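Work through the exercises below with the coordinates open. Each task is followed by a solution in steps.

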Amino acid sequence: MTPSATFHRSRPRPAVGRAPWALVIPAALGLAFLVLPLAGLLVRAPWSTLPSRLAEPHVLEALRLSLVTATIATAICILLGVPLAWVLARTSFPGRRVVRALVTVPLVLPPVVGGVALLLVLGRRGLVGQWLDSTFGITLPFTTAGVVVAEAFVAMPFLVISVEGALRAADPRYDEAAATLGAGRWTVFRRVTLPLVAPGIAAGAVLCWARALGEFGATITFAGNFPGQTQTMPLAVYLALETEPEAAIVLSLVLLAVSVIILASLRDRWVNSP
Amino acid sequence: MIDKAGDPLVTDRTGLNAHLVVERPAFRLDLTVEVADGEVVALLGPNGAGKTTALRALAGLTGLTGGGILLGGRDLTRVPVERRAIGMVFQDYLLFPHMSALDNVAFGPRCQGASKAQARRTARAWLDRVGLGEHADAPPGRLSGGQAQRVALARALAVEPRLLLLDEPLAALDAHTRLTVRAELRRHLAEFAGATVIVTHDPLDAMVLADRLVVIEAGSVVQSGTAAEVARRPRTDYVARLVGLNLYRGEASGHAVQVGDIVFNVSEHLAGPVFVAFPPTAVSLFRSRPDGTPRNLWEARIDGIERHGDNARVHLDGPIPASADITQAALAELDLQPGRRIWASVKATETHAYPA
C-alpha cells in the first residue's frame, strides 16, 4: 500500500476538532424539549380503544372540517398572497417597507387579538360586515366561511414571506429575457416567473396549510365552536381535554399524524432544503 | 403614416439610428450608434465603459434619459421592450431552466401570437439551423456551454427581429469551444438581414464577428471604423494595447515628432499634434548606447519581462513607457533583468504617425 493510498483511506476528520460540550449539551436538551412531548402523546395514547374513538362521528366531522377549511384558506392565501409577494419583491413604490411590515403583523399578533379584530371589521355590526350583510346578506362570523377567513388571516404571512423570498432569489433577468422575446408582463409572470418560484410557492403553501390546520385563537374568537360547523380539530381537542382527556389525546394524535404525513411527503418533492 | 405596429414612421431610414444618453449619479453614457441592415457593429471597450448599458438601452431594459432610437425608421424611444422587434442574446444566455430547448426557442413566436404547433415548427426549424435538432427536448441544464449559446441565438432569431443584440456572446465559453462557436456565429450573423450590435471586450471576437468597431471608453465613443482602420490608427492607450501597439501623442514638424524629450523620426510628413504608433517587434534593445543617429533612441529602465508567444516581451519604463518584443536568445544574450537600464531604439520606417 502506498503512503498516498493510506492517506486517502484514513477516515476524514473534521479540521476543527470535535464539537464542544457547551454546544452539544444545550442542543441535546433542545431536541429533547421538542420531541419528548410528542413522544408522551404516543406513550399515553389509548391504543386499544383508538379505532372505535377514531370512528366516532364528531371526530370525523372535526377532521373533515379542519382539512376542508385549511385547504380553502390555503387556496385563498395563494390567490391573494402570491400577487402580494410579487408586488413586494418586484416593484418599488413609496411605503413598500411599511406594507411589508404590515404583512407580517399577523405573524406576531396573538391569534385571539386577530379574531377580535376580524369581529370588529367583518362582524355583523363591523365596518365591512355591516355592508356585506345589508348588500349581499352574507354573514361571516360563527360560520364555516368565518373559520376559513380566520385561518387565512393568520396563515397568509407565511405564504407571502416564503414566496417573496423565492422571488427575490430568482434572477429577474429571466423576466428581462422573456420581455425581449415579446412577452408582456402578465405572460412573463405566468410563463417564466411563476414556474421559477414554484418550489417557493409550494413550500409557502405547506407552511400556510399547516398553520391554518392548527389555528385556534382567531377561529374560536371569530367563528365560535359549533360542532360540525366551526369546530375544527384544535377546538375539538381543547373541548375534549376538559371532559374526556383520552379523546383529546386521540384527536391530537390525528392532527400530529396528518401534519407529519403532509410535511414528509412534500418535503422531498418540493422543499429542497438540505 | 402609421406602420403595422401602430407607431408613427418618422423617416424612411433603414437600419438602426440611435443616440443613447443614460445619466447615472457617477456615470454618463452618451453615444451615437448607426448600424445598417445586414451590418454587424461591435461595441468594444474596457469593463465599466458602458457597453452593456448601451445594449440594454437599445433593448429598452434600461431607460434613456436623453436621445432616441430609430429602427427601420420607426421611433422606438418610448416603445416597451416586448414590442421592439429585437432579439437579444445575454452573456449567460438566460435560457428558461424549466423549459426544453425547443420550448425556449418557441417562446418568442408564441408571444407573437403563433399557435402552439406553429411556434414549435418554427422553433424546430431554428434548432435545425443551428445544428441542435436532436437536442430539442433537452432541458438547458443538460446542454454544454456551446450548445446553450446556440439555443440562445436560435431563441433570439426565432422572433425575426430587425435588430439583434449580443452581450459578450462568447465570454462564457472555454477557449476551445469559443473557436468553433465564433466561426458558427459569424456564419449566422452573415445570414441575418437586420442590424446587429455585439458587445465585447475581446478584440479578436470583435474583429472576427463585426464589420465595424465602435470603441467606447467612459461612456463615449473614442474611435470607430473597420477593424483594420482601428488597428492601424489607435487613438487611445486602451485601443493601442488591444491591438498590441506602442502609442504616443506628440508634436510633429515635418518628419520629426517630439514626444516628451524624445524625437521620433517618422516617414510621414506632418505638422501639429499627432499620434506615433509602432509595434513592440520594431523596438531594438542595446546594453550600451549605439553609435549613429540620436533619433528614435532613448534610455529606459526594465520594468518587467514576460513570455509572449515564442518571444519575450520586455516592459520599459523611463521617459516613455513602451513594450519591446525580443527573442529568447536575445534575452539571454543581453542578460536583461528588471530594474536594469537599457537603450531602446525604433527604426523610422517601422513607426506610423497620423494626425491626432
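**Exercise 1: between the chains**

Task: state how many salt bridges there are between chain A and chain B, and describe the side of chain A that touches chain B.

Solution. The count between chain A and chain B is 2 salt bridges, a salt bridge being a side-chain nitrogen of Lys or Arg within 4 Å of a carboxyl oxygen of Asp or Glu. B:Arg56 pairs with A:Glu176 in a salt bridge, with the closest N and O atoms 2.8 Å apart. Next, take the helices (DSSP runs of H or I, at least four residues, numbered from the N terminus). H9 (173-180) and H10 (185-213) of chain A each supply at least two residues of the side that touches chain B. H9(A) gives the largest share, 7 residues.

This is a predicted model, in which local features need pLDDT of at least 70 and side-chain atom pairs count only at pLDDT 80 or more, while totals for chains, interfaces and linings use all residues. Residues are numbered from 1 along each chain as its sequence is written, chains are lettered from A in the order in which they are written, and side-chain values use heavy atoms, without hydrogens and water.

**Exercise 2: the area**

Task: what area is buried between chain A and chain B, and which three residues of chain A supply 40% of its part?

Solution. Buried area is the accessible area (1.4 Å probe) that two parts lose on being put together, summed over both. Here the value is about 1800 Å², with 68% from carbon and sulfur atoms. A:Thr180, A:Leu181 and A:Arg191 supply 40% of the area that chain A buries against chain B, more than any other three residues.
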